[in-house]
Amino acid sequence: MSVDVARAGRRSTARLRVSAVFWRRPWLRATTLLGPAVGAFLLVYVAALAVLLLSAFWTLDPFTGEIVHTWGLDNFRTLWNEPTYWRIAGRTIGLAAAVTVTDVVLAFPFAYYMARIAGPRTRTLLFVLVLMPLWSSYLARIYSWRLILSHDGLNQDGALNWSLAKIGLPQQNWAFTSTAMWIVFSYIWLPFMILPVYAALERIPDSFIEASRDLGARNSTTFRRVVLPLALPGVIAGSIFTFSLTLGDYIAPSLVGNTQFIGNVIYRNVLGLTNNIPFAAAYAMVPLAAMAIYLVAARRAGAFEAL
C-alpha cells in the first residue's frame with residue numbers, strides 16, 4: 001500500500017514540475033500545442049505545393065513518355081503562346097468571379113435575417129435548411145441539377161422546362177451551357193458563403209447600430225458605414241471558398257457544362273492519354289496565381305484587419 005502511495009506521489013510531483021515548466025514558458029506551451037498541426041500542414045500542403053512547382057519546370061519526352069528532370073520553361077511558354085489556354089483560364093476565372101458575386105448577393109440578406117432578425121427557432125430551422133444540402137453527395141446534387149435543367153426537345157425535358165410549360169412560359173435551353181454551370185456552382189457553394197457572413201454579422205454589437213441611429217443616420221447609411229465594413233471579413237472568407245472551389249472544380253463542368261475549365265485540362269493531362277504531369281503542374285499555377293492576386297487585393301483593401 002505504501003509503495004502505491006509513493007508512486008502516486010512521484011507521478012503527481014512530476015506533473016507539477018511539467019506544469020510549472022509550461023507555465024513559466026508560454027512559448028513552449030504554444031509550440032507544443034501548435035507544433036504537430038503546423039508540421040502536418042507544412043508536410044502535407046506546403047511540401048506538396050513545392051513539389052508541384054518544381055515539377056512544372058520539367059518536361060515530358062514525346063517518344064518515351066517519361067518525365068525528363070531537366071530545368072526549363074517550355075511548359076510556361078506553351079501556356080503563354082497558346083491562346084486556347086488563355087481562353088480556358090479567362091472562362092474559368094470569369095465564372096468563378098460571377099459565382100462569387102452571385103453568392104454574396106444571395107447570402108447577405110439571408111445571413112442578415114438569420115443573425116439580426118430571426119428568432120431562435122426560426123434561426124435553427126434556417127441553419128438546417130442551409131446545411132441540409134451538405135448532407136447529400138456532391139455528385140447527387142450535380143446530377144439533380146442536370147435533371148432539372150435537361151432539355152432534349154423530345155418531350156423529355158427536365159423539371160424546370162416542365163414547370164415553365166405548365167404555366168405557359170417559354171422553355172429554356174440552358175442545359176450544357178455556361179449558364180447551367182453558373183447556376184449549379186452558385187447553388188453548391190452558397191452554404192460556404194452564408195455561414196461566414198452569418199458569423200460576421202452575428203458578432204456586430206447592437207450598440208453600434210443603435211449609436212448610428214441615435215446620431216441620425218438613415219438605415220442605408222448605417223448599413224453602408226457600420227454593418228458592411230464589419231461584415232466584410234465574413235464576405236471575404238466566404239468568397240475565398242466560392243472563388244477557389246470554382247477555380248479548381250472539374251466534375252461539374254464535365255457533367256453540366258460540356259466545356260473545358262482549368263481543372264478539366266489538368267485532369268486530362270494527369271490521368272488522360274497524354275499523361276503530361278509537368279504541363280498539368282504548370283497550368284495548376286494559374287489558379288494559384290489568381291488566388292494569390294485576389295488575397296493580396298483583399299489585404300490591401302483592409303478586409304483582413306478584422307479577421
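The largest nonpolar core of this predicted model has 19 residues; a nonpolar core is a set of buried Ala, Val, Leu, Ile, Met, Phe, Trp, Tyr and Cys residues joined through side-chain atoms within 4.5 Å. Buried means under 20% relative accessible area, exposed over 50%, and partly exposed in between, with a 1.4 Å probe and protein chains only. The residues with the most contacts inside this core are F108, A111, M114, I194, V197, L201 and V227. Residues are numbered from 1 along each chain as its sequence is written. Because the model is predicted, local features need pLDDT of at least 70 and side-chain atom pairs count only at pLDDT 80 or more, while totals for chains, interfaces and linings use all residues; side-chain values use heavy atoms, with hydrogens and water left out.

**Nonpolar cores**

- M114 is in contact (heavy atoms within 4.5 Å) with R123, L126, F127, V130, I194 and Y198, leaving aside its neighbours within four places in sequence.
- A second, separate core has 17 residues, among them V99, Y138, I142 and F261.

**Packing of α8 and α10**

- The axes of α8 and α10 come within 8 Å and cross at roughly 150 degrees; axes are lines fitted to C-alpha atoms, for helices over the stretch in contact, and angles run from 0 to 180 degrees between N-to-C directions.
- The two helices are therefore roughly antiparallel to each other (angles under 35 degrees count as roughly parallel, over 145 as roughly antiparallel, 65 to 115 as roughly perpendicular and the rest as oblique).
- The crossing of α8 and α10 is right-handed, meaning that the near helix is turned clockwise from the far one by less than a right angle.
- On the α8 side, the residues that meet α10 are F185, W189, F192, M193, P196, V197, A200 and L201.
- Their partners in α10 include V227, L230, A231, G234, V235 and A237.

**Salt bridges**

- The structure holds two salt bridges, each a side-chain nitrogen of Lys or Arg within 4 Å of a carboxyl oxygen of Asp or Glu.
- One joins the side chains of R77 and D74 at 2.9 Å, N to O.
- Both R77 and D74 lie in helix α3 (residues 74-81), three residues apart, about one turn of the helix.
- R77 is partly exposed at 46% relative accessibility, and D74 is partly exposed at 41%.
- The other joins the side chains of R116 and D206 at 2.4 Å, N to O.
- R116 lies in helix α4 and D206 in helix α9 (residues 206-214), so this pair ties together parts that are 90 residues apart in sequence.
- R116 counts as partly exposed at 22% relative accessibility, as does D206 at 47%.

**A180**

- A180 lies in helix α8 and is buried, with a relative accessible area of 1%.
- Leaving aside neighbours within four places in sequence, A180 is in contact with L149, W174 and V256.
- A180 and G257 are 77 residues apart in sequence, and their C-alpha atoms are 6.3 Å apart in space.

**Whole protein**

- The protein has 13 helices and two strands; helices (H or I, at least four residues) and strands (E, at least two) are DSSP runs, numbered from the N terminus.
- Of the 307 residues in the protein, 31% are buried.
- Among contacts between residues at least 6 apart in sequence, 65% join residues at least 24 apart.
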